Amino acid sequence: MRLKIIILLTIFAVLTACHADLDIQQKSEVSANSMWQDEGDATSAMYGLYNKFRSTFSQGYMYWGEYRTGLWGDGLTGQTARDQVYQNQIPTNHGYANWEDLYTTINQANLILKYTPDIAFNSDEAKNKVLANAYYVRAFCYYWIGRVWGDAPVLLDGFESDKQEGLFPERDPAEKLFQQVNDDIEMALSLMPSNITDRNLASAASINMLKADYNLWMYKVRNGGQTNLDAASTAITAVLANSTYGLEESFATVFENEMGKEIIFAWSYIKDEYTGGYPADYLVPSQYVSEEAIENPVKVGSHQQWCFYTEEYKAILSENDNDQRTKVSFETYFDEPKNATFQWINKFAGEWTNGTRIFDSDVIVYRYADALLFDAEIKLAKQDLTGALASLNKVAERAYGTKDFYTSGLSSSAIEEAILNERLKEFAAEGKLWWDYIRFGVAFEKNSYLEGRENELNVLLWPIAQASINRNPNLTQTPGYDK
């Protein structure tokens with residue numbers, strides 16, 4: 001069976017390989033009849049989809065989701081491609097202007113949705129789980145594409161041959177992408193068996209987290225109405241009512257117990273299967289550190305520390321001496337023999353084994369604290385200040401050890417500022433904060449590189465990779481990047 005899975009996933013990867021230009025030309029053509037035979041094939045395809053999903057976001061998650069905030073800069077050294085993102089001066093040849101991996105992931109989901117309905121399963125529940133996962137991944141990818149690039153192709157038919165139509169798509173309006181996200185979320189929810197509580201695959205809770213995330217974005221950024229806000233509220237209420245999930249008592253435990261009660265969805269990183277990702281860029285090169293300080297306490301890695309928080313962000317993270325999140329978010333040590341000060345991030349640091357750093361920590365996408373702060377944000381939008389404070393204070397109590405840290409009587413604007421501030425402290429290096437800045441309407445205020453640039457067309461979006469446009473004449477550059 002293992003050999004069959006390996007062969008299937010190899011064929012699957014080849015079939016769904018696509019160029020960055022979206023003229024999706026397959027390297028080979030294999031009959032679907034030899035690939036989609038039974039339940040095992042469809043289940044293997046689902047796991048293959050998640051492998052691609054994970055690798056697609058292994059670095060892009062931070063480039064697209066956090067590095068544009070102005071909260072990041074060079075580590076012990078830097079790279080021009082990173083500086084361009086930190087400073088919001090993104091060229092059309094930037095590596096993460098390329099959406100190839102996202103569309104390859106979507107193509108794999110499309111093929112699962114195409115073939116799985118006709119495969120016999122031992123139970124409807126097993127089939128529905130495969131389908132729900134495909135809808136979840138496709139919704140997630142289109143949600144990110146819509147926020148990163150705005151207008152973009154909506155592709156729903158799986159490509160398996162270079163003879164198929166539609167290999168040179170145009171950009172569809174962003175409204176169409178976001179509608180597809182909504183449709184896929186609802187399909188995923190309707191299919192997902194209620195007893196599934198997977199952390200590294202979709203579940204009803206992770207789908208509802210995406211639903212709340214999406215609907216808050218639609219309500220606050222895309223001028224959605226009360227329907228979006230109510231949908232976000234319904235989704236978060238369902239998550240918070242699920243006794244499977246809850247806050248860990250210790251913030252550090254969140255990142256030590258990968259299957260803990262706080263985790264709702266995370267990408268699985270496993271030794272000897274898939275390791276690495278963006279957290280590898282935050283540790284100190286082992287050759288810089290005195291031998292006695294390696295892992296005592298300095299967390300070291302095997303390559304350069306390419307990036308780190310700005311001084312301003314470190315001040316925010318450490319402004320309260322009682323905040324137990326600070327030491328997890330970053331730590332500082334003066335190495336006397338080297339006469340050097342080192343800093344590193346303890347989240348997602350993996351393990352140090354036989355002189356080698358193995359980055360096998362799962363990367364968390366949604367967790368219970370996120371649900372609580374979404375709930376606070378939703379209740380604030382509904383003018384339920386008491387309810388907003390109650391959810392906010394659950395996160396704050398764990399952080400500071402103080403009950404009712406935020407007292408009653410705060411104004412709506414003060415509560416909003418507190419929610420954002422707690423998100424900055426809670427989710428450092430977790431790929432969320434750029435979207436928070438846009439959702440709270442503070443990107444031009446909080447990021448010095450964006451001050452005074454409000455009138456620049458689409459400055460909060462990304463350009464499309466110029467190479468894609470050169471190969472696909474039906475694509476046009478993001479307006480504002482076409483000069």
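Pro-297 sits in the loop between strand E3 (284-285) and strand E4 (300-301). The peptide bond that leads from Asn-296 into Pro-297 is cis, with omega near 10°. Helices (H or I, at least four residues) and strands (E, at least two) are DSSP runs numbered from the N terminus. The model is predicted: local features need pLDDT of at least 70 and side-chain atom pairs count only at pLDDT 80 or more, while totals for chains, interfaces and linings use all residues. Residues are numbered from 1 along each chain as its sequence is written, and side-chain values use heavy atoms, with hydrogens and water left out.

**Overall form**

The protein has 18 helices and ten strands. Its radius of gyration is 22 Å, close to the 23 Å that the globule rule gives for 483 residues, so the protein is as compact as a globular protein of that length. The radius is taken over C-alpha atoms, and the globule rule is 2.2 Å times the number of residues to the power 0.38. Along the principal axes, the C-alpha atoms fill a box of roughly 60 × 55 × 50 Å.

Of the 483 residues, 57% count as buried. Buried means under 20% relative accessible area, exposed means over 50%, and partly exposed lies in between (1.4 Å probe, protein chains only). The protein exposes about 19400 Å², of which carbon and sulfur atoms supply 46%. These areas come from the Shrake-Rupley method with a 1.4 Å probe; for residues, only the protein chains shown count as cover.

Among contacts between residues at least 6 apart in sequence, 70% join residues at least 24 apart. Contact means heavy atoms within 4.5 Å. The protein has 42 positive and 67 negative charges, and the mean positions of the two sets are 1 Å apart. Lys and Arg count as positive and Asp and Glu as negative, with His and the chain ends not counted. Each charge is placed at NZ of Lys, CZ of Arg, CG of Asp or CD of Glu.

**Nonpolar cores**

A nonpolar core is a set of buried Ala, Val, Leu, Ile, Met, Phe, Trp, Tyr and Cys residues joined through side-chain atoms within 4.5 Å. The largest one holds 143 residues, and the members that touch the most others are Phe-53, Phe-57, Trp-72, Tyr-136, Phe-140, Trp-267 and Tyr-309. Helix H6 (residues 124-149) gives the most to this core, with 16 residues. Apart from this core lies another, of eleven residues, among them Ala-280, Val-289, Val-298 and Ala-340.

Trp-72 also shows which parts of the chain meet here. Leaving aside neighbours within four places in sequence, its contacts include Met-62, Glu-66, Tyr-86, Tyr-282, Phe-308, Tyr-309, Ile-345 and Ala-429.

**Individual residues**

Two asparagines have a positive phi although neither is a glycine. For Asn-88 the angle is about 55°, and for Asn-458 phi is near 60°. Asn-88 is placed in the loop between helix H4 (80-86) and helix H5 (100-115). Asn-458 is in the loop between helix H17 (443-446) and helix H18 (466-471).

| Residue | Relative accessible area | Class |
|---|---|---|
| Asn-88 | 3% | buried |
| Asn-208 | 10% | buried |
| Gln-59 | 18% | buried |
| Asp-83 | 23% | partly exposed |
| Asn-458 | 26% | partly exposed |
| Glu-175 | 52% | exposed |

Gln-59 lies in the loop between helix H2 (39-56) and helix H3 (60-65). Not counting residues up to four places away in sequence, Gln-59 touches Arg-82, Tyr-96, Gly-277, Tyr-278 and Asp-281. Gln-59 and Tyr-278 are 219 residues apart along the chain, yet their C-alpha atoms are separated by 4.9 Å.

Asp-83 belongs to helix H4. Its C-alpha atom is separated by 9.2 Å from that of Tyr-67, 16 residues apart along the chain.

Asn-208 is part of helix H8 (residues 204-220). With neighbours within four places in sequence left aside, Asn-208 is in contact with Leu-189, Ala-235, Ala-238 and Val-239.

Glu-175 is found in helix H7 (residues 174-191). Between Glu-175 and Pro-473 there are 22 Å in space, C-alpha to C-alpha, and the two are 298 residues apart in sequence.
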